[in-house]
Amino acid sequence: MRSHVKLSAVVAGGLVAALAGCGGTTGPSTGSGGGTNTAASGDCSSAEVFCVGLVTDVGKVDDKGFNQAAWEGVEEVKGELGAQTKYIETTDPKDYAKNIKQFTDTKYDVIVTVGFLMGDATRAAGKQYPNTKFIGFDQFQADPVVPNVTGLIFHEDQAGYAAGYLAGLMTKTNKIGVVLGQEIPPTQAYAAGYENGAMAANPGIKVSKVYHPAGNTAFNDPVWGAGEAKKMLAQGADFIFGAGGNTGNGALQEAAKTAGAGDKIFCIGVDLDQWNTLPAAHPCLITSAEKHEKEGIGTLLKQIKSNEIKPGNFFGTAGISQFHDFDSKVPADVKTKVGDVVKKLEDGSLATGYKP
Amino acid sequence: MEWLQRNRISVGTTVVILVAAYVFYVVNDNVATSMFKGAWFFAVPLVLGALTGVVGERSGVVNIGIEGQMLVAAFTAFFTAAASGSLVVGVGVGMLAGIVMGAFLAFTTVKGLMDQIIAGVVINIVATGLTSFFYRPGQVLSANMPQWDIPVLSSIPLIGDVFFQTGPIALFALLAVPVVHLALFRTRWGLRTRSIGEYPSAADTAGINVIRMRLLNVTIGGIFAGAAGAFLSMEATAGFERGMTAGRGFLALAILIFGAWRPLRVFAAALFFGFTNALASQLQGVINIPQQFITLLPYLLTLVVLAVAAGRVRAPGAVGQPFVKGEGS
């Protein structure tokens, strides 16, 4: 009978911890909705003043992740467009609509919302305020599209393909690996692109690929990622692609600690240039499979200004980051070939072979 | 001979597993070695976490706060090491954090007579909250944890590769298992510990200070969870992430039960969990069974073992019950 009591206690404890985990990841709160003004306020309702507002997903504009990239994208074209810009940091998912409304109330021309999770709130606001333009980062627009909402999305498989192509050209052991988070469309796209890119560069290559089996911790289990990377490296892989949030970061850190890191062992980051976000991986981080979020947002803002914007989905470009300290270790012909592939992926003359 | 007779099942199982492992090694040494290495890598925090459970529950105190103890230890170990630049200080402070969390559990439940399950839950929630709030990104360790090749032992085929080419905390876990086993079953401390966990009022009558001993054991037991935490953030990876224990503390509890509250069996159970984990990822994409089913295997087996062995495997008699002198139980 004891065992029964104990097991149920274990289960209950696990549930509580899982719930606590959810609360914990929202991070430190900065009060109600947050909000920081950066420019002198003109009247956004007048036709001459071009106002761009950005609402972050839960997180800060200096998160070294997608929120920061989005804000930098806005700031980069600010001068060129003569725009007045402002951001609101979301601290609670319940505030999505409220934060968007702060901008619509003051008649902003463009509102950028960051993150897949804000998709519904953005579409709802789009329907309610047909004269405001919306850009939704990572928000796929399914039919019927809202005429004033444009989703900015990326082909993860293209970034994966370029990374795999590089690894395929450079591997000495003909074995490379990829450690992924949960098996969902974005990770599948990265993995498929990586495999196909490696095959294209090196038909004899063997690609080991592993997805995290659990649902709730799949993107936040660096120890598991490290273990899998250890196993792949022991079985002869010399490139590790970590594509799964902190789980992937664990794999990158393991490769960075392995003997020969930077000479014989290399690793590839994901989503943004992880050279800037994960210093622990510097010993092996040759490049990152990157989505060019900043450029995508800049392009869309310019299209809005010149009235060329189309509703539906806009595909931003994806490729690989610069090599930083590894610049001298990548042979010139490899650089040329990889650059060529990235260009062909961008202009559509090369397909990655990934079918969503 | 008598000892062999008594332990024929455990000895037999061990021999069969060893033979199977070496057959595998002969067939493909590279894959076998990397999989068993992966199994032990996965098992280290589970073994350590479960040892905290063994010491606590053998003394009569349920500890479901191991997850929280590990998380706080992982946090303090990494950030201390990053700030001080010393790995030794980091690991030491991590273990100390485990002990402090153990002391919290001990004082609230043994002195304060708080419900032990609730105290454990409190530890888990507080640990998640504190470590999430104080987390700062961008910190790095000044150096990696060393990797040691233990002389002679590390040249044994397979076993040497798996257990004796090792980081310091994994080695600590390997040594802690037989030490706790011997202490528990061959020393006066062990006898007393087991007696206060089985029948505290009888132990009290015999002149053992039940309260003091429980306080001490639960507090000191935290050192293993502390080491597990330091392993996660410093030896297994090189950084702390929010919630990085990812349920390993609860897995350690399952292993504690699967291992029948005995250190050696806990060790075997943790290795088994580790091996199925390595098997699951090795078989991904190779055979067409959803990986989740392979990952499920150890949990299913835990249930089967508990069901079959329900009569023989049982928790310490007084586990979960606070002891109040003079009230009996």
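Two strands are taken to pair if DSSP finds at least two bridges between them. The legends below describe close-up views of a predicted model.

**View 1. An open sheet of 6 strands in chain A, with mixed pairing.** The order of the strands is S8-S7-S9-S10-S11-S13. Strands S8 and S13 (318-320) of chain A form the edges, each of them pairing on one side only. Averaged over the sheet and with direction ignored, neighbouring strands are turned by 15 degrees against each other.

**View 2. The pairing of strands S10 and S11 of chain A.** Strand S10 (residues 266-271) of chain A runs in the parallel sense to strand S11 (residues 285-291) of chain A, and 5 bridges join the two.

**View 3. The packing of helices H5 and H10 of chain A.** Two packed helices are described by the angle between their axes and the distance between the axes. For helix H5 (residues 156-170) of chain A and helix H10 (residues 332-347) of chain A, the angle is about 160 degrees and the axes are 10 Å apart. Angles over 145 degrees count as roughly antiparallel, and H5(A) and H10(A) are therefore roughly antiparallel to each other. Their crossing is right-handed. H5(A) contributes Gln158(A), Tyr161(A), Ala162(A), Tyr165(A), Leu166(A), Leu169(A) and Met170(A) to the contact. From H10(A) come Val334(A), Lys337(A), Val338(A), Val341(A), Val342(A) and Leu345(A). By class, the residues of this contact comprise 11 nonpolar, 1 polar and 1 charged.

**View 4. The side of chain A that touches chain B.** Here 37 residues of chain A are in contact with 51 residues of chain B. At least two residues of this side of chain A are supplied by each of helix H1 (2-24), strand S8 (206-211), helix H7 (222-234) and helix H8 (245-257) of chain A. H1(A) provides the largest share, 12 residues. The side of chain A that touches chain B has 15 nonpolar, 14 polar and 8 charged residues.

**View 5. Confidence in chain B and in the model.** Chain B has a mean pLDDT of 91, with 98% of its residues at 70 or more. Among the elements of chain B, the lowest mean pLDDT (76) belongs to helix H14 (residues 291-308) of chain B, and the highest (97) to helix H8 (residues 168-186) of chain B. The model has an ipTM of 0.89 and a pTM of 0.83.

Methods:
Residues are numbered from 1 along each chain as its sequence is written. Chains are lettered from A and ligands numbered from 1 in the order in which they are written. This is a predicted model: local features need pLDDT of at least 70, side-chain atom pairs count only at pLDDT 80 or more; totals for chains, interfaces and linings use all residues. Axes are lines fitted to C-alpha atoms, for helices over the stretch in contact, and angles run from 0 to 180 degrees between N-to-C directions. Helices (H or I, at least four residues) and strands (E, at least two) are DSSP runs, numbered from the N terminus. Angles under 35 degrees count as roughly parallel, over 145 as roughly antiparallel, 65 to 115 as roughly perpendicular and the rest as oblique. A crossing is left-handed if the near helix is turned anticlockwise from the far one by less than a right angle, and right-handed if clockwise. Two residues are in contact if their C-beta atoms, placed from the backbone, lie within 7 Å. Ala, Val, Leu, Ile, Met, Phe, Trp, Tyr, Cys and Pro count as nonpolar, Asp, Glu, Lys and Arg as charged, and the others, Gly among them, as polar. pLDDT is the predictor's confidence in each residue, from 0 to 100.
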